[in-house]
Amino acid sequence: MKKYFAHLRPLERRLTIGVLVILLLVLNYVFIWPHFSDWGNLRHRSDDAQRKLKLYQTAIAQRPAYEAQITKLESGGDFVALEDQSVNMMRTIQSQSAQSGVGIVNAGRQITRTNDAFFVEQIQNINVLANDKQLVDFLFKLGSGASTIRVRDLELQPDAAKQNLNANIRHVASYQKIAPVAGPKASPAASPKTAPVAGPKITSTATATNLKPATAKAK
């Protein structure tokens, strides 16, 4: 290499060195400079992985709480068979309206929604006629019991005589989708085994003898 430079003229040497410098710059630009940020990217990915790991570990640690909530949701409310839910809901509404003195003018067709993971929703639209006290009593008692019926929409307007309220009510009832699993039945307590009563031990006091009965000789 030195001999090659020794035979070059000064201008050629400068030109050769310039070409080598440019070549080195190009090689650095193509192969080295793009990787200057690799260490930072690696640290960023490591930090993201640590955050995800911590998030997953936190979620795993909360698994018992989630399972307890699922069990609570599955066991909430009374289970009613799907074919009986419509009748059960309407019967509850009619029973409470009779107790509160609310007159049902019209009842629409029920809508069933099953897209919830734990409950089946039954939606019932009714039109009622009552005064304010009767209507409040009806809605309060219907929602405070164990019927799982709630009011989603309520429209009020006075009737033609301006004496009562004409209300359009949308009721929603939530019923369990899966019947609760019955707990294990308690096995009846095993009765203590009674030891056999030993009867009185009979011991024979008679001893076997080989003596033959004596015979009387006739005189």
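1. The accessible surface of the chain comes to about 18200 Å², and 60% of that surface belongs to carbon and sulfur atoms. These areas come from the Shrake-Rupley method with a 1.4 Å probe, and for residues only the protein chains shown count as cover. Of the 219 residues of the chain, 16% count as buried; buried means under 20% relative accessible area, exposed means over 50%, and partly exposed lies in between (1.4 Å probe, protein chains only).

2. The model is a predicted one, in which local features need pLDDT of at least 70 and side-chain atom pairs count only at pLDDT 80 or more, while totals for chains, interfaces and linings use all residues. Residues are numbered from 1 along each chain as its sequence is written, and side-chain values use heavy atoms, with hydrogens and water left out.

3. The secondary structure of the chain comprises six helices and five strands. Along the sequence they follow the pattern α-α-α-α-α-β-β-β-α-β-β. Helices (H or I, at least four residues) and strands (E, at least two) are DSSP runs, numbered from the N terminus. Among contacts between residues at least 6 apart in sequence, 63% join residues at least 24 apart; contact means heavy atoms within 4.5 Å.

4. Strand E3 (residues 119-130) is joined to E5 by 12 bridges, and the two run antiparallel. Two strands pair if DSSP finds at least two bridges between them. In this pairing, Asn127 stands opposite Asn168 in E5, and Glu121 stands opposite Ser174 in E5. E3 is mostly covered, with nine of its 12 residues buried.

5. E3 also has antiparallel links to E1, through four bridges, and to strand E2 (residues 111-113), through three bridges. E2 and E3 form a hairpin with five residues between them.

6. Gly103 belongs to strand E1 (residues 103-107) and counts as partly exposed, at 30% relative accessibility. Leaving aside neighbours within four places in sequence, Gly103 is in contact with Asn127, Val128 and Leu129. Gly103 and Asn166 are 63 residues apart in sequence, and their C-alpha atoms are 9.9 Å apart in space.

7. Strand E4 (residues 149-158) is joined to E5 by nine bridges, and these strands run antiparallel. Gln157 stands opposite Asn166 in E5. The hairpin of E4 and E5 has six residues between the strands. Lys162 lies in the loop between E4 and E5 and is exposed, with a relative accessible area of 65%. Phi of Lys162 is near 60 degrees, a positive value in a residue other than glycine. As background, most residues other than glycine have a negative phi.

8. His171 is found in strand E5 (residues 165-176) and is buried, with a relative accessible area of 0%. Which residues does His171 touch, not counting those up to four places away in sequence? They are Met89, Ile93, Gln122, Ile123, Gln124, Ile126, Phe138, Leu139, Leu142, Ile149, Arg150 and Val151.

9. Helix H6 (residues 132-144) has 13 residues and reaches 18 Å from its first C-alpha to its last, close to the 18 Å expected at 1.5 Å a residue. The expected span is 1.5 Å times one less than the number of residues in the helix. Leu135, Phe138 and Leu142 are buried in H6. Seen down the axis of H6, its buried residues fall within an arc of 65 degrees, so they line one face of the helix; the arc is that of the directions from the helix axis to the C-beta atoms. The face turned away from the buried side of H6 carries the exposed residues Asp132, Lys133, Val136 and Phe140.

10. Rings of Phe, Tyr and Trp (its six-membered ring) pair if their centres lie within 6.5 Å; planes under 30 degrees apart count as stacked, over 60 as edge-to-face and the rest as tilted. By this rule there is one aromatic pair. The rings of Tyr29 and Trp33 have their centres 6.0 Å apart and their planes at 90 degrees, so the pair is edge-to-face. Tyr29 is exposed, with a relative accessible area of 57%, whereas Trp33 is partly exposed, with a relative accessible area of 39%.
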